[in-house]
Structure formats: C-alpha cells, structure tokens
Amino acid sequence: MDNILTTIVAMSSITGILAFLLSIANKTIANYGEKKLTINEDKELTVDGGDSLLSTLIENEIFIPSACGGKGSCGYCKVKVLDGGGQFLATEKGYVSEEEREKGVRLSCQCKVKEDMRIAIPEELFNVKQYLCTVTEIENLTDKIKRIRLELPEGSELDYKPGQYVQILTPVYKESDEEVYRAYSITTPPSSKNAVELFIGYIPEGICTTYIHKYLKEGDKLNVIGPFGDFQYIHSDKEMILAAIGTGMSPIMSILRHMKENNINRKVTFFFGARTRPDMYMMDILQELEKEMDNFTLITCLSRPTESCSWRGEVGRVTNLIEKFVENGDNKEAYLCGNPPMIDSVVKILLDKGFKEEDILYDKFE
Ligand code: FES
C-alpha cells in the first residue's frame with residue numbers, strides 16, 4: 001500500500017513540475033515580440049508575435065472567414081502567405097490542395113506569426129466588419145429550423161450580395177465555455193441593409209445552434225461579422241436552376257427576393273427537397289413569389305412522406321427532380337446549396353446534362 005501511495009505522490013509531483021516548466025516555457029519561449037505584418041503590399045501592421053495569423057488579423061479588425069473557431073476543421077480561413085509563416089503543417093493538408101500550396105496558400109488559423117510576414121487577402125475582406133446586433137424576432141419555421149431577425153446598430157449598414165453569409169460569434173454560455181464563430185447565409189435581399197434574417201437549423205451538440213435554439217431571446221445582442229462568400233448572384237440572361245435542401249434555402253431566398261425586387265425576369269426554377277411535410281417551410285412566401293414573378297417556378301419533393309403528410313407531389317430527392325425536370329445545360333446557370341453529398345450528386349448530374357463547370361455555383365454546408 002505504502003509503495004502505491006509513494007508512486008502516486010511521485011507521479012503527481014513530476015506532472016506538477018512538468019506543467020510548471022511548460023508554463024514558464026510558454027511565457028518565455030513563446031514571447032516573439034513585435035512583428036511586421038504586410039498585407040497586399042500596401043498595408044503594414046505592427047503586431048504581437050506568437051499568436052495564429054487568423055487571431056492576429058481579427059485582433060486588428062481584419063476578419064477572415066472561419067467556421068470552426070480556428071480549430072483547423074473548416075478550411076475557410078485560407079490566406080496567401082508570401083513570406084514567413086513557418087512550415088506547412090499536416091493539419092492543413094486536407095484543406096489546401098497541392099496547387100494552392102505551391103501558390104503559398106495556408107490556413108491562417110494554423111500558421112503562427114513568429115516572424116515578419118507578407119500576406120495577400122482579397123480586397124473585399126477590408127469591408128468585412130463586426131456589428132453588435134439586436135435580435136428583434138425569433139420564429140419557429142419547423143421543429144428544427146428557426147428564423148432570426150438581427151437589427152444592426154443605428155446608423156450601420158451591411159453591404160452584401162445575394163447569396164453571401166455572415167458569421168455569428170457565439171458567446172460563452174451554460175453549455176459551452178468557448179466563443180465560436182459559425183457561418184449562416186443571409187436570407188434577406190441586399191436592400192435590407194439595417195437588418196438581416198437567417199434560418200438556423202438545430203444540430204445536436206452544435207455550439208451555436210444549441211445557443212440559438214435553447215438560449216437566445218428576442219432583445220438579446222449578438223455579434224455578427226460579415227459579409228463573406230463567393231457564392232453570389234451573377235447578373236446574366238442565362239436560365240437559372242436553383243436547388244436546395246433544409247436550411248440551404250437561405251441564400252436562394254435572398255437571390256429570389258433580390259430578383260423580385262429588381263424585376264429581374266430571367267427564367268428560374270427552384271427545386272427544394274425536405275423529408276416530410278412539416279419540414280417544408282417558407283412555402284407561403286415562395287408561392288407568393290411564384291405568383292408575382294412571371295418566370296419563376298417552384299418544384300418541391302418529399303423524400304420520406306408519411307400518411308399524415310397527405311402528399312400528392314413529387315416523392316424522392318432533389319437529385320431525382322433535377323434528373324426529371326432539367327433537360328440540358330444550354331445557356332443555363334445553377335445555384336446549389338446543401339450538404340456535401342447532395343451538392344456532389346447534383347453537380348454530377350448537371351455536368352452529365354451538359355452544364356459547364358463554371359456555370360455551376362454552390363455553397364456546401366456541413
Ligand atoms: S478557421 Fe476553420 S480551418 Fe481555419
């Protein structure tokens with residue numbers, strides 16, 4: 001017994017000493033001092049070294065997209081590093097292609113500012129700002145999807161394009177002790193500059209969705225950063241194919257509302273899929289748009305209709321709708337939003353039907 005106790009005491013002491021040495025090392029070795037960060041060759045910042053490039057940029061109010069809170073698991077935070085940044089890490093491999101790597105692309109949450117650095121970022125990121133918004137409306141659209149309306153502080157305006165997204169900074173709350181950023185597409189048209197609406201689906205154990213579904217109340221404040229995203233409506237006269245499942249309807253809604261407001265009369269068909277009737281939402285708004293827009297057609301399907309759905313429409317997945325109703329890719333453009341398997345399947349079908357790769361735009365969400 002005495003031996004066991006002696007071993008436990010000895011191990012605890014060693015662990016304690018190691019932890020102490022590590023904390024000393026962090027305070028001394030990790031002190032890199034001030035570093036010079038040059039952005040797009042014309043903006044020079046003096047920053048404290050040692051932190052990740054992503055955090056350093058946020059610290060200086062330059063917001064790079066990030067959906068995983070800097071954990072290296074979303075691949076959103078890519079930045080071109082022209083000088084500095086250290087070795088390419090194994091954690092970046094899954095998100096940065098060989099071709100991108102050769103051009104210096106890195107995950108900014110993974111590389112640290114330990115030396116002077118030169119980086120290049122898209123100019124539009126200088127327009128991304130953080131707003132402390134007020135939650136003015138919360139509505140249950142289905143039992144798993146909520147609509148929230150966020151009003152910007154008085155005098156502020158969000159200048160965005162149909163299809164873009166914002167990031168919500170989820171605060172620390174009862175079920176999470178870390179602040180995390182999560183990305184949500186804007187559902188309102190760009191004319192709504194002082195307030196934006198988002199559809200937020202509940203993901204079990206999702207930090208942000210749990211906060212929004214279980215804790216957020218009207219009148220609360222939320223930090224919102226944006227706008228972000230290359231998935232944007234393109235002005236052209238091509239026929240449009242829109243396809244979405246679940247909350248993938250969000251950017252599509254912004255696109256359709258923008259088209260309606262601006263009397264854009266392109267031929268457009270929206271294919272929307274849900275599991276059961278109660279999972280269909282915003283149908284009244286979409287049917288209203290269908291009446292008001294001469295060239296807009298809505299086609300829906302249910303993948304698992306039950307008897308209580310009393311469903312007489314299409315049964316199957318969005319992919320089945322595309323197979324059935326889209327004839328070819330001649331002078332057509334597609335906008336897709338959904339989970340990766342759905343996007344991958346729809347892209348394949350569209351390519352087989354003769355769509356050009358550059359005419360297929362998509363926004364994949366996890
Ligand atoms: S922030 Fe998600 S991978 Fe860098």
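Figure 1. Ile 299 is found in strand β14, where strands (E, at least two residues) and helices (H or I, at least four) are DSSP runs numbered from the N terminus. This is a predicted model, in which local features need pLDDT of at least 70 and side-chain atom pairs count only at pLDDT 80 or more, whereas totals for chains, interfaces and linings use all residues. Residues are numbered from 1 along each chain as its sequence is written, and side-chain values use heavy atoms, with hydrogens and water left out. At 15% relative accessibility Ile 299 counts as buried, a class that means under 20% relative accessible area, with exposed being over 50% and partly exposed in between (1.4 Å probe, protein chains only). When residues up to four places away in sequence are not counted, Ile 299 touches Thr 269, Phe 270, Phe 271, Phe 272, Leu 321 and Phe 325, contact being defined as heavy atoms within 4.5 Å. The C-alpha atoms of Ile 299 and Leu 321 lie 7.9 Å apart in space, while the two residues are 22 apart in sequence.

**Figure 2. The buried residues of helix α7.** In helix α7 (residues 318-325), the buried residues are Val 318, Thr 319, Leu 321 and Ile 322. Seen down the axis of α7, these residues fall within an arc of 160 degrees, so they line one face of the helix; the arc is that of the directions from the helix axis to the C-beta atoms. The cover over the buried residues of α7 includes the strands β12 (239-245), β13 (268-274), β14 (296-302) and β15 (314-315), together with helix α8 (340-352).

**Figure 3. The packing of α7 and α8.** Two packed helices are described by the angle between their axes and the distance between the axes. For α7 and α8 the angle is about 10 degrees and the axes are 9 Å apart, the axes being lines fitted to C-alpha atoms, for helices over the stretch in contact, with angles that run from 0 to 180 degrees between N-to-C directions. That makes α7 roughly parallel to α8, on a scale where angles under 35 degrees count as roughly parallel, over 145 as roughly antiparallel, 65 to 115 as roughly perpendicular and the rest as oblique. On the α7 side, Val 318, Thr 319, Ile 322 and Glu 323 meet Met 342, Ser 345, Val 346, Ile 349 and Leu 350 of α8. By class, this contact has six nonpolar, two polar and one charged residues, where Ala, Val, Leu, Ile, Met, Phe, Trp, Tyr, Cys and Pro count as nonpolar, Asp, Glu, Lys and Arg as charged, and the others, Gly among them, as polar.

Figure 4. Arg 118, at 28% relative accessibility, counts as partly exposed. In Asp 359 and Lys 238, the closest N and O atoms are 2.9 Å apart; Asp 359 lies in the loop between α8 and β17 (360-364) and Lys 238 in the loop between β11 (221-228) and β12, so the pair ties together parts that are 121 residues apart in sequence. Asp 359 is buried, with a relative accessible area of 7%. Salt bridges that share partners also join Glu 137, Glu 139, Arg 147, Arg 149 and Glu 197 into one network.

**Figure 5. Helix α4 and strand β9.** Lys 214 and Glu 175 form a salt bridge through their side chains (3.0 Å, N to O), with Lys 214 in helix α4 (residues 207-215) and Glu 175 in the loop between β8 (165-170) and β9 (180-185), 39 residues apart. Thr 209 is also found in helix α4 and is buried, with a relative accessible area of 3%. Setting aside residues up to four places away in sequence, Thr 209 touches Tyr 184, Ile 200, Gly 201, Tyr 202 and Ile 203. Ser 185, in strand β9, counts as buried at 13% relative accessibility.

Technical notes. Salt bridge = Lys/Arg side-chain N within 4 Å of Asp/Glu carboxyl O.
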